Amino acid sequence: DIIPQPLLDQYLSMTDPARAQTVDTEIAKHCAYSLPGVALTLGRQNWHCLKDTYETLASDVQWKVRRTLAFSIHELAVILGDQLTAADLVPIFNGFLKDLDEVRIGVLKHLYDFLKLLHADKRREYLYQLQEFVVTDNSRNWRFRYELAEQLILILELYNPNDVYDYLRHIALTLCSDKVSEVRWISFKLVVAILQKFYTNNANALGLNFINELVVRFRHCSKWVGRQAFAFICQVGMFSLCVSVCTFN
């Protein structure tokens, strides 16, 4: 009643390998690109019509097809709702997390958008996997680590101060020592955001412990780049404080 059945059948047949060989080698990628729109048109009540096609595309041998799905999985999650997302999308999302960097960047760029749609208990499971984003296939791919720091600034609101201290703190400290200055600079903003998280949630003891760790690790570092990092963290912190005061007044 929503779209003609022959039209839907024609779309679903795009994942047939024979069509890719005889019609267009890019046809699977086009299918993956338009899938969220098709899902929105059909509605979550008709997701069962697309589920098999989506799983087929998610395991396609072409990384460009998987990359396309990775970039839109957060949009599909909004369309399907939390129950279908947990049942059908989370397993595919987990697979993308272990894929090539070209695919992983898709889920990383919208990591916050996807995680915020999950229930708290399911979301907490990903705390153990966030550390894996620090390691890339190519260490020179610094934009990957930059994107991670940007996403973590957003993700802080999804977790309690103890989880931030136990898991995200370690990632922030690692990124602050990155070889690329752009990554270090965004990481300084992440460190300040973590401190703000602690103090706005009255986790003063965690905040003090973190400050002491920053002093030991950077202020008293034997290398100038470490001491410079401490100065920059203080600079970012003072700027954020000034902005907060001006906004409040």
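Helix 9 and helix 10 cross in a left-handed manner, a term used when the near helix is turned anticlockwise from the far one by less than a right angle. The structure is a predicted model, in which local features need pLDDT of at least 70 and side-chain atom pairs count only at pLDDT 80 or more, while totals for chains, interfaces and linings use all residues. Residues are numbered from 1 along each chain as its sequence is written, and side-chain values use heavy atoms, with hydrogens and water left out.

Two packed helices are described by the angle between their axes and the distance between the axes. Here, the axes of helix 9 (residues 142–155) and helix 10 (residues 161–176) come within 11 Å and cross at roughly 140°. Helix 9 is therefore oblique to helix 10; oblique angles are those left after under 35 degrees (roughly parallel), over 145 (roughly antiparallel) and 65 to 115 (roughly perpendicular). Contact, meaning heavy atoms within 4.5 Å, is made by Arg145, Leu148, Ala149 and Leu152 of helix 9 and by Leu168, Ile171 and Leu175 of helix 10.

Helix 9 also holds both Trp142 and Tyr146, four residues apart, about one turn of the helix. The whole structure has eleven aromatic pairs, that is, rings of Phe, Tyr and Trp (its six-membered ring) with centres within 6.5 Å. Trp142 and Tyr146 form one that is edge-to-face (planes over 60 degrees apart), at 6.4 Å centre to centre and 90° between the planes. Tyr146, at 24%, is partly exposed. Elsewhere, ring pairs link Phe93, Phe114 and Tyr126 into a cluster.

Note on methods:
Axes are lines fitted to C-alpha atoms, for helices over the stretch in contact, and angles run from 0 to 180 degrees between N-to-C directions. Helices (H or I, at least four residues) and strands (E, at least two) are DSSP runs, numbered from the N terminus. Rings of Phe, Tyr and Trp (its six-membered ring) pair if their centres lie within 6.5 Å; planes under 30 degrees apart count as stacked, over 60 as edge-to-face and the rest as tilted. Buried means under 20% relative accessible area, exposed over 50%, partly exposed in between (1.4 Å probe, protein chains only).
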